[in-house]
Amino acid sequence: MIREILNGIYQIHIPLPGNPLKVLNSYLIKGRERNLLVDTGFNWPECKQAQLKAMTALGIDWADVDFFITHAHADHVGLVGELASKDTKVYCSKTDAQIVHNFMHSNYWAASDIYFSQHGYPPEKLHRKKDDIDDYISAGGDIDFTWVEDGDIIEVGDYRLKCIATPGHSPGHMCLYDAEKKLLFSGDHILGGITSNITSWGGKIDLLGLYLASLRKVDALEIDLVLPAHRELILDHHQRIAELIHHHDSRLKEILNILRNGAMNSYQTAGHMHWDLTYDSWDEFPDYQKWFATGEAMAHLEHLAELGQVQHIKHGEILMYQLTK
Ligand SMILES: [Zn+2]
Ligand SMILES: [Zn+2]
């Protein structure tokens, strides 16, 4: 499905069959010479077909399309390697461009597995491999990205789009903002009906802290319309941001309560948290849901550690958290 949202801006629904996100909203901004496509979909035939059909319907030649990748997740970057040609510009933050490269060319997944097992995730259930990623991201390590920084401007047609660094959902997430048109392409930083997954990407970075700061940064912008990468358009970004901050605040309080029972690792903490899923108990969660839940618990625990409300303790190889008072 394609719809013109504003003059020269088209929203393209890219199906993500079998994925809980259901659809990626890709956006095509028509320019006079070059066009810009914001996010692409997985490296899946269904996604590629939807993109090809859309460009045909819009009468646009792929050779005239540049790309803006909001962040390293495969539903955003997956098809670039398939659709971009040698002379195409693919804009992305340096941080996330390097993450895409690492997905394909380094021991990223082995390091991630070690990290999750240190947080209590059962090692026998960790089996992510580089090969799995090939199914989602085409030529991820070899894409010739053009790095963009906070404040950089990309002009397309009547739009003057400023890159806004919004780390949190990923370490190098970027939004695009047109100050005159009061328009924000929000990627996965702000979504309509669902909350963005905030997890740990390894190392000691407080990504939830960065995410909350990025929400406040966007809250200060004048915006009439938010174009998110999933679900519906957002008209009142102040209200949505207040809801998101409240959501994470409640999560932090919930975790502090859980830790009153004693020190726990991230995996154990996740098992005590409330999740909006249809399973009767934590034991029934599929492994990948437990993995996401552990990542979320980890990001919240690391933020509480940064705030000085919990402290790390080591239990053998396992990292535990306990209340500071
Ligand atoms: Zn994402
Ligand atoms: Zn996404």
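User: In this predicted model, at what angle do the axes of helix α8 and helix α10 cross?
Analyst: Helix α8 covers residues 237-258 and helix α10 covers residues 287-306. Their axes come within 10 Å of each other. The angle is roughly 80 degrees.

User: Which residues of α10 meet α8, and how many residues of this contact are nonpolar?
Analyst: From α8, the contact draws on Arg251, Leu252, Ile255 and Leu256. Their counterparts in α10 are His300, Leu301, His303 and Leu304. By class, the contact of α8 with α10 holds two polar residues and one charged residue, and the nonpolar ones number five.

User: How far apart are the axes of α7 and α10?
Analyst: Two packed helices are described by the angle between their axes and the distance between the axes. For α7 and α10 the angle is about 85 degrees, which means that α7 is roughly perpendicular to α10. The distance between their axes is 7 Å.

User: Which residues of α7 make the contact with α10?
Analyst: On the α10 side stand Ala299, His300, Glu302, His303 and Glu306. The contact of α7 with α10 comprises three nonpolar, three polar and two charged residues. The α7 side consists of Leu207, Leu208 and Gly209.

User: Into which domains is the protein chain divided, and how far apart do their C-alpha centres lie?
Analyst: Domain 1 spans 2-244, and domain 2 spans 248-323. Where they touch, 16 residues of domain 1 are in contact with 20 residues of domain 2. The C-alpha centres of domain 1 and domain 2 are separated by 27 Å.

User: Which helix gives the most to the side of domain 1 that touches domain 2?
Analyst: On that side of domain 1, where 16 residues are in contact with domain 2, α5 (108-118) and α7 (207-219) each supply at least two residues. By class, the side of domain 1 that touches domain 2 has seven nonpolar, seven polar and two charged residues. With four residues, the helix that gives the most is α7.

User: Which strands are the edge strands of the sheet of seven strands?
Analyst: This open sheet has mixed pairing and the strand order β1-β2-β3-β4-β5-β6-β7. An edge strand pairs on one side only. The edge strands are β1 (2-6) and β7 (145-148).

User: Which residue is the bridge partner of Leu28 in β4?
Analyst: Strand β3 (residues 23-29) and strand β4 (residues 35-38) run antiparallel and are joined by three bridges. Leu28 has a bridge partner in β4, and that partner is Leu37.

User: Across which strands does helix α4 lie?
Analyst: Helix α4 covers residues 94-105. The helix runs at about 105 degrees to β6 (90-93). The strands that α4 lies across are β6 and β7.

User: Why is one side of β8 and of β12 left without a neighbour in the sheet, and which residue of β9 is the bridge partner of Ile154?
Analyst: Five strands form this open sheet, in the order β8-β9-β10-β11-β12. Because β8 (153-156) and β12 (225-228) stand at the edges, each has a single partner strand. Four bridges join β8 to the antiparallel strand β9 (residues 159-165). The bridge partner of Ile154 in β9 is Leu161.

User: Which residue takes a positive phi in the hairpin of β13 and β14?
Analyst: Strands β13 (residues 310-315) and β14 (residues 318-323) run antiparallel, joined by six bridges. Gln311 stands opposite Gln322 in β14. Two residues lie between the strands, and a positive phi near 65 degrees is taken by Gly316.

User: What radius of gyration does the protein chain have?
Analyst: The C-alpha atoms fill a box of roughly 60 × 40 × 35 Å along the principal axes. A compact globule of 325 residues would have a radius of gyration near 20 Å. The value for the protein chain agrees with this, as it is 20 Å.

How values were computed. Residues are numbered from 1 along each chain as its sequence is written. Chains are lettered from A and ligands numbered from 1 in the order in which they are written. This is a predicted model: local features need pLDDT of at least 70, side-chain atom pairs count only at pLDDT 80 or more; totals for chains, interfaces and linings use all residues. Two strands pair if DSSP finds at least two bridges between them. Two residues are in contact if their C-beta atoms, placed from the backbone, lie within 7 Å. Axes are lines fitted to C-alpha atoms, for helices over the stretch in contact, and angles run from 0 to 180 degrees between N-to-C directions. Ala, Val, Leu, Ile, Met, Phe, Trp, Tyr, Cys and Pro count as nonpolar, Asp, Glu, Lys and Arg as charged, and the others, Gly among them, as polar. Domain bounds come from an automatic or database domain assignment. The radius of gyration is taken over C-alpha atoms; the globule rule is 2.2 Å times the number of residues to the power 0.38. Angles under 35 degrees count as roughly parallel, over 145 as roughly antiparallel, 65 to 115 as roughly perpendicular and the rest as oblique.
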